[in-house]
Amino acid sequence: MIKKSLASRHSGLSSSENQLKLLEAEGAFPNFSDKLLSAGLFPLKPTAINILQVNLGKMCNQVCAHCHVDAGPDRKEIMTLETMNECLAALRENKFGILDLTGGAPEMNPQFRWFVAEAAALGVHIIVRCNLTIIVANKKYNDLPQFYRDHKVEVVSSLPFYQADRTDRQRGEGVFKDSITALKMLNGVGYGIDGLLQLNLVYNPAGAFLPGSQEQLEKDFKRELKLQYDIDFNNLYCITNMPISRYLEYLLNSGNYEKYMDRLVSAFNPVAAASVMCRNTISIGWDGYLYDCDFNQMLDLKVNGSVDHIRDFKMVEMNERDIVVKQHCYGCTAGTGSSCGGSTT
């Protein structure tokens, strides 16, 4: 068990180096690589890369307590048009089936709509991770539901709970009300009504515990949102909170760090480990650098190999690389597993 004094030594957790030191404190928890080795999965290798996940910037209209990106209105990191063109070139030259756009609030990138239109013209399936409130935050975003519909974009949005108090505690005062308004606007143009325009919600636990049954939570969300607000959606994704960035600070400040890490380690599932998203996904930072996943990106853990930027992307090399794993990876392999598409088992 890690000593409490150890956590206090690593102040300034916005530093990826400090976060990694804390997560990998010698002897604190079993080494994740050893867990993979015992499951016959080390070194972890890609299966077949099909998803290009692109972070368009860390600017966001919200400051969520669980945000692993540490996003907010004051963040200035934003993807340039040049880097977007490099991403489009990679899409044209390689067999990606899915473009997954994230942030911050990806819609706040000035070139967002241009980028979506260009990618849609390539025939790739586009996912936008929309925080919902951006749709009602400013009049210039009010037409986003129609824009998404026009380009057949799949919308994936965080909604911590189907009640206001729990959602607002995690994401900020008034967020639930605005989210409900945005969901009604998306329903209004056809999202979530059938399988053609996909509207999927994301559930993150509000405390230091693992998600419950994704199947049961989806039933609960669908029942309550329909009953209380006449809202429809397609799927609910349960995502485990990763012990990095703001959520790591919450764990330390609340005295839950040791308990939570013990919980993740104890719940390690080899089946979930075999299905982690880094095996079929490449994550692109706002500055174009390549990462095995969005979480590695936030810890500045670039991919293994001689190619580390989208401008030099080589699918063959990416499919042959060893995936970078560290202690935070326990978050994706605990229980039924966790990915950007919810449970993996």
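Good morning. I begin with one aromatic cluster, which is formed by Phe161, Tyr162, Tyr203 and Phe221. Please keep in mind that the model shown above is predicted.

Where do Tyr203 and Phe221 lie in the chain? Tyr203 belongs to strand S5, residues 199–203, while Phe221 belongs to helix H10, residues 214–229. The two are 18 residues apart, and the pair links distant parts of the chain. Both Tyr203 and Phe221 are buried.

I turn now to the wider count. In total, the structure holds 14 aromatic pairs. One of them joins Phe32 and Phe268: the ring centres are 6.0 Å apart and the planes stand at 80°, so this pair, too, is edge-to-face. Why does the pair of Phe32 and Phe268 tie together parts that are 236 residues apart in sequence? The reason is that Phe32 lies in helix H3, residues 32–38, whereas Phe268 lies in the loop between helix H12, residues 257–266, and helix H13, residues 270–273.

Finally, I come to charges and rings. The ring of Phe233 has the charged end of Lys222 sitting over it, 5.6 Å from the ring centre. Over the ring of Tyr289 sits the charged end of Lys302, at 4.9 Å from the centre of that ring.

Thank you for your attention.

Conventions: Residues are numbered from 1 along each chain as its sequence is written. This is a predicted model: local features need pLDDT of at least 70, side-chain atom pairs count only at pLDDT 80 or more; totals for chains, interfaces and linings use all residues. Side-chain values use heavy atoms; hydrogens and water are left out. Rings of Phe, Tyr and Trp (its six-membered ring) pair if their centres lie within 6.5 Å; planes under 30 degrees apart count as stacked, over 60 as edge-to-face and the rest as tilted. Helices (H or I, at least four residues) and strands (E, at least two) are DSSP runs, numbered from the N terminus. Buried means under 20% relative accessible area, exposed over 50%, partly exposed in between (1.4 Å probe, protein chains only). A charge sits over a ring if NZ of Lys or CZ of Arg is within 6 Å of the ring centre and within 35 degrees of the ring normal.
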